[in-house]
Amino acid sequence: MIVIPVMDIRGGLVVQAKLGMRELYRPVAKSVYGTCNPLELALKLSSEGFKMIYVADLDSILGRGINEKVFSYLKRLKLKIIADIGVNSEAKLEEALRLADYPVIATETAPSLNFICYALRESGEKAFLSLDMRGRSVISAATEIAGLCIEKTGKVLREIGVQKVLLIDFNRIGTYSGPDFDTAKCLVDCGFNVYVGGGIRGLDDIITLDRIGVSGVLIGSALHSGKIKVEDLKRLGFI
């Protein structure tokens, strides 16, 4: 399993994500890294040994333009990039493929199931399907899957050939309420490579997710707050 740091970027700054309520996001404060500048933070994360980073470009997701400078810098640092830029069109998909090693196709922004199929086909094995949830219901602009439970959604995703799933529960983001272990295990049992984000409280959560077969964990708040320490991640082989 691999632990992947998260950078949520809005207005060119790293912001503190909470509950998926983006209008309330504010620049990260009181971080152990001492900065909300994405370039400075990326350099520090790289120097600590992280090889991969997850970027949610909220400016792009909200239709305000892509943070090109950030992506260029991450590439210079040789960090592997998983990026959600709000892919909802062929043009946006082309941008995601250009900017990221692993483009994210998010259920939240994908306009239809047909588009998800198209995006996965064009991206090949590189694509991550971000399964965006509130509780046990799927968030999606695609009416075919919006509001579905995890069991029905898992069946649909298998049918269209999804391999890598990012399980993101908006109700847990930035809350330290713990990840949804049951849903993660359900997806693992369905045969997906599962990556989990949202609600991570500390190292014990990561160890538990590893034991149930999760492939990766996204961490943001718990890393900035110091609840998770890089030396512990290295000791356990998660970096």
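Which residues of the largest nonpolar core touch the most other members?

**View 1. The largest nonpolar core.** Met7, Leu74, Leu131, Ile206, Ile219 and Leu233 touch the most other members of this 67-residue core. Helix α5 (residues 113-123) gives it its largest share, six residues. Here a nonpolar core is a set of buried Ala, Val, Leu, Ile, Met, Phe, Trp, Tyr and Cys residues joined through side-chain atoms within 4.5 Å, and buried means under 20% relative accessible area (1.4 Å probe, protein chains only). This is a predicted model: local features need pLDDT of at least 70, side-chain atom pairs count only at pLDDT 80 or more, and totals for chains, interfaces and linings use all residues. Numbering starts from 1 along each chain as its sequence is written, and side-chain values use heavy atoms, leaving out hydrogens and water.

**View 2. Around Ile206.** Leave aside residues up to four places away in sequence, and Ile206 touches Met1, Val3, Ile200, Val217, Ile219, Ile228, Leu233 and Phe238; touching, or contact, means heavy atoms within 4.5 Å.

View 3. In soluble globular proteins, nonpolar side chains tend to be buried together.

**View 4. Stepping back to the chain.** Ten helices and eleven strands make up the count for the protein chain; these are DSSP runs (helices H or I, at least four residues; strands E, at least two), numbered from the N terminus. Of its 239 residues, 54% count as buried. Along its principal axes, the C-alpha trace spans about 45 × 40 × 30 Å. Among contacts with a separation of 6 or more, 65% come from residues 24 or more positions apart.

Methods:
Buried < 20%, exposed > 50% of the residue type's maximum accessible area, 1.4 Å probe, protein only.
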